[in-house]
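Please read the following points with the structure open beside them.

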Amino acid sequence: MATKPPRADIDESRVHVTRPKKVAVGVPAVLHALEMATEQMGVTRSVQTLLRVNQKDGFDCPGCAWPEEDRRHVAEFCENGAKAVAEEATLRRVGPEFFAEHSLDELRGHDDWWLGQQGRLTHPMVREEGATHYRPISWDDALRLIADELRSLEDPDEAVFYTSGRTSNEAAFLYQLLVRGIGTNNLPDCSNMCHESSGSALTETIGIGKGTVSIDDIHDADLLIVAGQNPGTNHPRMLSALEKAKQRGATIIAVNPLPEAGLMRFENPQTVRGVAFGGTKLADEFVQIRLGGDQALFQAIGKHLLEAEAADGGVLDHAFIAAHTSGFEAYRQAVADAPWRELVAATGLPEKALRRVGEAVRASKATIVCWAMGLTQHKHSVPMLRDVVNMLLLQGNIGRTGAGVCPVRGHSNVQGDRTVGIYEKPSAAFLDALDQEFGFAAPREHGFDTVEAIRAMRDGRVRFFMGMGGNFVSATPDTAVVEAGMARVGLTVQVSTKLNRSHVVTGRRALILPTLGRTDRDRRGGREQRVTVEDSMGAVHASRGRLAPPAEDLLSEVAIVSRLSALVFGPEPGATEEAPATLAPASAHTGATRHERGYPERTPAEESDGTVPAAGTSGGPHNVPQADWAALEADYALIRAHIERVIPGFEDYEERIDKGRTLHLPNGPRDARRFATVDGRARFTVNPLVYPVIPRGRLLLQTLRSHDQYNTTIYGKDDRYRGIHGGRRVVLVNEKDIVSLGFAEDDVVDLVSEWTRPDGSIEERRAEEFRIVAYRTPRGNAAAYYPETNVLVPLDSVADVSGTPTSKSVVVRLESRA
């Protein structure tokens, strides 16, 4: 029998600290996973559900996007995957009686862990303007309320439509069609906050915003550099792939400010070696780099390779460079001019350590660089990742077995959502295909990304916000600004499986629409439906839940979007066939420009050659997508047929997923060393060296996850690999920094961020009551968990080019609470 949800929040006074672990997974991970699963689901339900995770006839794990091998284990899940499944398949319920008992003010006072532990949402709920509580509302009335609000907008760009990575390809494709039919490209998503820097750098340099490796390439690599990433917590199944590579003779180098147990030793619970013989040592070397120093590391590797080529020859792949790249000479000269002393200062590593890594790369026959948010959430992240590509291009490590770039996406199907159109800057080719398929003219102006959407809410330019999954309020930077901006919105709508912070920090009116999860049976049109998702390496596969939904009338995301689209694009009540009433067009505003209407000018979509296409009209009368919405709700295969005709690479979509997880999307660099860049070649780039300079008496803070956490979902109170138990409001600081700053371990302090604006003024933000924990970090660096520290990340402090918040580069000072 599953336990009841907690009555109280986390008691931070009970936090205690032990030594960090030096080994990951093993029997303790199995026991912890089973404990959480049975607590949420009970024993029988846990067994039935977990044995279907990531199986070919089962459902895709709602956690990370790490791919599966073709041959599956009986238990094809990790500890944190089991937690994600347990959270979704929980027996706990949040129905109308819960909201009658708890006011919004009371719910706002609870922490994120307590909110998430209450259980699955079961009924649509509405909060009227000025009301203290949510109340039940029927599905028809809830969807009609949304449609009426959308019809009343003076400009389509007054609406923002956010998307979480868990949304299926089918739901995401319909969602973007709804949004573009309304007449806007305001489609921010979680990629904007995580891997947007990866997409920006890779699109520019190799012509595709995704990685270029397969799971087999990981196994076949000669050298794996794992940088800015903690696979033991964020995607533990990666450890099995690294173990296989290690057993085949690969060298692994871990690059990170913090030592992480998952890259030290892996005790695979599915092998005798892992259970009885101490597992496998993974990282051959731990390179403890300063926060933000990774660009200098990859420049140093490139410099070492070029010097070795000049001295001995045989290092560079000259044939590849000549046939497939451009810009080599400019890059070579720039790296030659980079002084070693500056590379040492930026990384915090001695020259001999940098050269040791460079020598490992020189000796490698096939190198892969894997990375996550440790490399993507700095102001200079895009040039940093360009230098990763530069280093790989020198030896031809793109487009051959066991080599390439591997940005590890954190969330299941976040990559798939982008593939099927969840993007605020769509290509002209995609929009042209969409127009042809659905007989309308989609808007061409670029929309808001996540940061731009927050700024628009802050400035009162957003009347409507809809979140398709996720937890926007807790996931985004500058929490106080986000909450104030959300309160200015007229209507906020959250499509969710579970309660979270975004349900209690709302607009003037608010709707909660509960939806099916990955584990739930989805029966539409008289039969069970399946959806598809894309993993972190471009493989698309089917997913089908089997559990009875938490409520009989619960709608899927596909059903919600289909029914809403039918209402929005159909005639209003009382309209006649001769005079249908639909959305007001942007062109209806007396010819005023966006600027004259109070909206910033935005960039139109461009053709691949850089020319601007002829603009289509925004959504309006007689310019809406032509689709049979009821049929799409009843048969998801019809949605996949639309995707197949709009997006290259989905040919024979239905037939291919019928055969298993075999739909591998085309990847030019990987498949044929074909690069869709401006000059048709992989591009060496020249990137001036940038790295953080920390003011005296300050620390550079990175926000991160605990082990009992996935994105903003808090599974538990511990981070056992780092030795933190019973609480989350801790800040990890080097022992010498604690002393030099005048503090002692266990002191409770406020964290105050200091951000220097372009005009030289300094903005401050405060996160209160954090306990200092002495930890093995580089001098001048610190770490603390989000979402508690998101309040410290300035909204306007973003990565150049990509606009990603700089959550790994926050200058803070510690202030005593005494």
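1. In this predicted model, R530 and D658 form a salt bridge through their side chains, with a distance of 2.4 Å from N to O. R530 belongs to the loop between β20 (527-528) and β21 (531-534), whereas D658 is part of helix α29 (residues 653-658), so the contact ties together parts that lie 128 residues apart in sequence. R530 has a relative accessibility of 13% and counts as buried, because the limit for that class is under 20%.

2. A second salt bridge joins the side chains of K303 and E307, at 3.9 Å from N to O. The cut-off for such a contact is 4 Å, so this pair falls within it. Both residues are in helix α14 (residues 294-312); because they are four residues apart there, about one helical turn separates them.

3. E763 is partly exposed, with 24% relative accessibility; R765, at 14%, is buried. There is also a network of salt bridges with shared partners, and it joins R698, D750, E754, E764, R766, E769, R813, E815 and R817.

4. How many salt bridges does the count give? The count comes to 57.

5. Turning to the rings, the structure contains 12 aromatic pairs. In the pair of F161 and Y175, the ring centres are 6.0 Å apart and the planes stand at 80°, so the arrangement is edge-to-face. The angle decides this label, because planes over 60 degrees apart are counted as edge-to-face. F161 is in strand β7 (residues 159-163) and Y175 in helix α8 (residues 169-182), so that the pair links distant parts of the chain, 14 residues apart. F161 is buried, with a relative accessible area of 0%, and Y175 is buried with a relative accessibility of 0%.

6. Two further features involve rings. F98, F99, W114 and Y134 are linked into a cluster by ring pairs. R705 lies over the face of Y710, at a distance of 4.4 Å from the ring centre.

Notes. Residues are numbered from 1 along each chain as its sequence is written. This is a predicted model: local features need pLDDT of at least 70, side-chain atom pairs count only at pLDDT 80 or more; totals for chains, interfaces and linings use all residues. Side-chain values use heavy atoms; hydrogens and water are left out. Helices (H or I, at least four residues) and strands (E, at least two) are DSSP runs, numbered from the N terminus. Buried means under 20% relative accessible area, exposed over 50%, partly exposed in between (1.4 Å probe, protein chains only). Rings of Phe, Tyr and Trp (its six-membered ring) pair if their centres lie within 6.5 Å; planes under 30 degrees apart count as stacked, over 60 as edge-to-face and the rest as tilted. A charge sits over a ring if NZ of Lys or CZ of Arg is within 6 Å of the ring centre and within 35 degrees of the ring normal.
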